[in-house]
Amino acid sequence: MVELEIPVDHIHMVIRGEPKISPSDVMQIIKSISAREFFKRYPDIKRRYFWGR
């Protein structure tokens with residue numbers, strides 16, 4: 001990650017990656033890791049809006 005900015009409702013990132021990895025694969029990895037961390041910190045949101053309703 002080269003640069004990061006976090007406004008109130010979204011995130012801006014500038015990242016550097018290897019040319020052999022597609023941008024969509026990089027975003028899939030970032031979203032997967034951040035979703036796991038988010039749901040670990042806020043499990044009630046996961047249950048209320050996504051699973052277990």
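Biologist: Which residues make the nonpolar surface patch?
Modeller: In this predicted model, Met-1, Leu-4, Ile-6, Ile-11, Met-13, Ile-15 and Met-27 make a nonpolar surface patch of about 690 Å². Patch residues have over 30% relative accessible area and no salt bridge, and nonpolar side chains (Val, Leu, Ile, Met, Phe, Trp, Tyr) are joined within 5 Å. Areas come from the Shrake-Rupley method with a 1.4 Å probe, and for residues only the protein chains shown count as cover.

Biologist: Where is Met-1 found? And is Met-1 buried or exposed?
Modeller: Met-1 is found in the segment before strand E1 (3–5); strands are DSSP runs of E, at least two residues, and helices are runs of H or I, at least four, numbered from the N terminus. Met-1 is exposed, at 63% relative accessible area. Exposed means over 50%, buried under 20%, and partly exposed in between (1.4 Å probe, protein chains only).

Biologist: What about the largest pocket, what volume does it have?
Modeller: About 230 Å³. A pocket is an open set of points on a 1 Å grid over the protein atoms alone, where a 1.4 Å probe fits, with protein on both sides within 12 Å along at least five of seven lines; lining residues have an atom within 4 Å of a point. The volume is the space filled by probe spheres set on the points, which are joined across faces, edges and corners.

Biologist: Which residues line the largest pocket?
Modeller: Among them are Met-1, Leu-4, Ile-30, Lys-31 and Ser-34. Helix H1 (residues 23–41) gives the largest share of the lining, four residues.

Biologist: Switching to charges. How many salt bridges are there in the whole structure?
Modeller: Three, where a salt bridge is a side-chain nitrogen of Lys or Arg within 4 Å of a carboxyl oxygen of Asp or Glu. Glu-18 pairs with Lys-20, with the closest N and O atoms 3.7 Å apart. Glu-37 bridges to Lys-40 at 3.5 Å, and Arg-41 bridges to Glu-37 at 2.8 Å. Glu-37, Lys-40 and Arg-41 are linked in a network.

Biologist: Why are Arg-41 and Glu-37 separated by about one helical turn?
Modeller: Because Arg-41 and Glu-37 are four residues apart in helix H1. Arg-41 is exposed, at 59% relative accessible area, while Glu-37 is partly exposed, at 31%.

Biologist: What should I know about the numbering and cut-offs?
Modeller: Residues are numbered from 1 along each chain as its sequence is written, and side-chain values use heavy atoms, leaving out hydrogens and water. Local features need pLDDT of at least 70, side-chain atom pairs count only at pLDDT 80 or more, and totals for chains, interfaces and linings use all residues.

Notes. Patch = residues over 30% accessible without salt bridge, like charges linked within 9 Å, V, L, I, M, F, W, Y side chains within 5 Å.
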